[in-house]
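Here are my notes for you on this one. Keep the model open while you read, and take the points in order.

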Amino acid sequence: MLELKKNIHLVECGTDEAGRGCLAGPVTAAAVILPDDFSCELLNDSKKLSEKQRDFLRTLIEKEAISYKVTHVFMDEIEKLNILHASITAMRRSILALNPQPEFILVDGNKFKPIPNIPHECIVKGDGKYMNIAAASILAKTYRDDYMKKIAEEYPMYQWTKNKGYPTKVHREAILSHGISPYHRKSFKLVPDQYTLDLKFIGE
């Protein structure tokens, strides 16, 4: 079972993001403060769990957490900031919306922009080490997946219900066939180097 948190005497949140490597849709981050008596053997890195397990854990986390927040940063802001800074921005916004505010932040990964007066530590693969980061990974993943399923109704040709915006072969072939949607990240390499793409939205 994962450790609950790193600093047992502090109000500590975990934070993680989902969707950083996608060609379309937002990057989504969550921050979670779990109670000190929280325990769940199933809780783990969201990538190691089935969709059914993630949905079960999301309900549990939302019920048991002291505080949680999920934030989407959308395509226009990703283009302005770049994807790394957009990911960090989503994490910071989620953290700053928590009530109570944490006394310490555990960040999944190796980069973060400090929040004044709240110390933090970056933990590589932290979503497989600490429950509060794993909980954030579950919320970020499930909320983002829900968003991608919703916009897939508008643009079914990209099969976002299956690939969630990641650069699968089917997704890239659909981009070549149909062009891009308003949800695509235009600054990303949307198709392989051997192809050229006229960056026009569908219907233009």
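This is a predicted model: local features need pLDDT of at least 70, side-chain atom pairs count only at pLDDT 80 or more; totals for chains, interfaces and linings use all residues.

1. Which residues line the largest cavity? You'll want to pick out Glu51, Arg54, Asp55, Thr142, Asp145, Asp146 and Lys149. Two elements give two or more residues each to this lining, helix 1 (51-64) and helix 4. Helix 4 gives the most, with four residues.

2. Next, the open space. The largest pocket holds about 210 Å³, and 14 residues line it. Glu17, Ala18, Gly19, Lys47 and Tyr166 lie nearest the centre of this pocket. Strand 1 (12-18) and helix 4 (131-152) are the elements that give two or more residues to the pocket lining. Strand 1 supplies the largest share, three residues. If you sort the pocket lining by type, you get eight charged, four polar and two nonpolar residues.

3. Five strands make an open sheet, and their order is 3-2-1-4-5 with mixed pairing. Why is one side of strand 3 and of strand 5 left without a neighbour in the sheet? Strand 3 (67-73) and strand 5 (120-123) stand at the edges and have a single partner strand each, so one side of each has no neighbour there. From one strand to the next, the twist averages 20°.

4. A quick reminder before you zoom in: strands of a sheet pair through backbone hydrogen bonds, in either a parallel or an antiparallel way. Here, strand 1 pairs with strand 4 (residues 104-108) in the parallel sense, over four bridges. To find one of these spots on screen, go to glutamate 12, whose bridge partner in strand 4 is phenylalanine 104.

5. Now see what lies across the sheet strands. Helix 3 (residues 83-96) lies across strand 1, strand 2 (27-33), strand 3 and strand 4. Against strand 2, helix 3 runs at about 35°.

6. The structure holds seven aromatic pairs. Take tyrosine 155 and tyrosine 183: their ring centres are 5.9 Å apart and their planes sit at 75°, so this pair counts as edge-to-face; the cut-off for that label is over 60 degrees. The pair links distant parts of the chain, 28 residues apart. Tyrosine 155 is in the loop between helix 4 and helix 5 (160-163), while tyrosine 183 is in the segment after helix 6 (169-178).

7. Finally, two backbone details to check. Where is proline 100? Proline 100 is in the loop between helix 3 and strand 4. The peptide bond leading from asparagine 99 to proline 100 is cis, with omega near 10°.

8. The other backbone detail is glutamine 159, a residue other than glycine with a positive phi, near 55°. Glutamine 159 is placed in the loop between helix 4 and helix 5, and tyrosine 155 from the ring pair is in that loop as well.

Technical notes: Residues are numbered from 1 along each chain as its sequence is written. Side-chain values use heavy atoms; hydrogens and water are left out. On a 1 Å grid over the protein atoms alone, a cavity is a set of points where a 1.4 Å probe fits but cannot get out, and a pocket is an open set with protein on both sides within 12 Å along at least five of seven lines; lining residues have an atom within 4 Å of a point. Grid points are joined across faces, edges and corners, and a volume is the space filled by probe spheres set on the points. Ala, Val, Leu, Ile, Met, Phe, Trp, Tyr, Cys and Pro count as nonpolar, Asp, Glu, Lys and Arg as charged, and the others, Gly among them, as polar. Two strands pair if DSSP finds at least two bridges between them. Axes are lines fitted to C-alpha atoms, for helices over the stretch in contact, and angles run from 0 to 180 degrees between N-to-C directions. Contact means heavy atoms within 4.5 Å. Rings of Phe, Tyr and Trp (its six-membered ring) pair if their centres lie within 6.5 Å; planes under 30 degrees apart count as stacked, over 60 as edge-to-face and the rest as tilted.
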